[in-house]
Amino acid sequence: AVVSTQSTGGHPKGIGQPDFMHKMVLPDTYRGAFRDPDTAGEKYGSQVHTLIEDIRNKESKLAGFMAESALSCGGQVILPKHYLSTIYKAVREAGGLCIADEVQVGFGRCGTGMWVFETQGVIPDVVTIGKPMGN
């Protein structure tokens, strides 16, 4: 099973979200349920525990968590501090991999660092890159 903040369906000719995908709530501190910048990241991130438990209850195992390091496909949502660190800790404790999607936001596009996940103080197990290398 995979947990993700990314879109997992919705294409008019698509089949929708597969059973093995579990989607997290968008961690939006502007319009979302948690808006305090000091606590929102941990509150949104802690929701991964419920998804991990749901996966275990289905007698399945967590493969990993995948998210853009800044949610460009979700409307340019900058992740609240401690969001990824909260999730990565829980995912790794459950035996999953942490995957940072840097295809659109990586290569120094979002500030002083090369990768946006650096702003969260985490090191993912896998980093996806691609088309930015050619731009």
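Throughout this tour, buried means a relative accessible area under 20%, exposed means over 50%, and partly exposed covers what lies in between, with a 1.4 Å probe and protein chains only. The model is a predicted one, in which local features need pLDDT of at least 70 and side-chain atom pairs count only at pLDDT 80 or more, while totals for chains, interfaces and linings use all residues. Residues are numbered from 1 along each chain as its sequence is written, and side-chain values use heavy atoms, with hydrogens and water left out.

Begin by selecting D101, which lies in strand β4; helices (H or I, at least four residues) and strands (E, at least two) are DSSP runs, numbered from the N terminus. D101 counts as buried because its relative accessibility is 12%. A polar atom of the D101 side chain lies 3.0 Å from the backbone nitrogen of V103.

Now extend the selection to the whole of β4, where 4 of the 5 residues are buried, so the strand is largely enclosed by the rest of the structure. Which strands pair with β4? Two strands pair if DSSP finds at least two bridges between them. β3 and β4 run parallel and pair over 5 bridges, and in this pairing M66 has I99 of β4 as its bridge partner. β4 and β5 also run parallel, joined by 3 bridges, and here A100 stands opposite V127 in β5.

**The nonpolar core**

Next, select F65 and Y83, which touch the most other members of the largest nonpolar core, a group of 23 residues. A nonpolar core is a set of buried Ala, Val, Leu, Ile, Met, Phe, Trp, Tyr and Cys residues joined through side-chain atoms within 4.5 Å. The elements that contribute two or more residues to this core are α1 (40-46), α2 (48-57), β3 (64-68), α3 and β4. Of these, α3 gives the most, with 6 residues.

Colour α3 by burial, and Y83, L84, T86, I87, Y88, A90 and V91 come up as buried. What covers the buried residues of this helix includes α1, α2, β3 and β4, where covering rests on contact, meaning heavy atoms within 4.5 Å. An α-helix has 3.6 residues a turn, so residues three or four places apart point the same way. Just after α3, select G95, which takes a positive phi of about 90°.

**Aromatic pairs**

How many aromatic pairs does a search of the whole structure find? The search returns 3 of them, where rings of Phe, Tyr and Trp (its six-membered ring) pair if their centres lie within 6.5 Å, and planes under 30 degrees apart count as stacked, over 60 as edge-to-face and the rest as tilted. Select F65 again, together with Y88: this pair is edge-to-face, at 6.4 Å centre to centre and with 65° between the planes. F65 in strand β3 and Y88 in helix α3 are 23 residues apart, and the pair thus links distant parts of the chain. F65 counts as buried at 0% relative accessibility, as does Y88 at 2%.

Then move to F107 and W115, whose ring centres are 5.0 Å apart with the planes at 65°, so this pair is edge-to-face. F107 is partly exposed, with a relative accessible area of 28%.

**Salt bridges**

Select E93 and K89, which form one of them with the closest N and O atoms 2.8 Å apart. Both E93 and K89 are exposed. They are separated by about one helical turn because they stand 4 residues apart in helix α3 (residues 83-93).

R92 and D125 form another salt bridge, at 3.3 Å from N to O. R92 lies in helix α3 and D125 in the loop between β4 (97-101) and β5 (126-128), so the pair ties together parts that are 33 residues apart in sequence. R92 is partly exposed at 35% relative accessibility, and D125 is partly exposed at 40%.

Finish at D28 and R31, whose salt bridge has its closest N and O atoms 3.7 Å apart.

Conventions. A salt bridge is a side-chain nitrogen of Lys or Arg within 4 Å of a carboxyl oxygen of Asp or Glu. A polar contact is a pair of N or O atoms within 3.5 Å; within protein, one must be able to donate a hydrogen and the other to accept it, and residues adjacent in sequence count only if both atoms are side-chain atoms.
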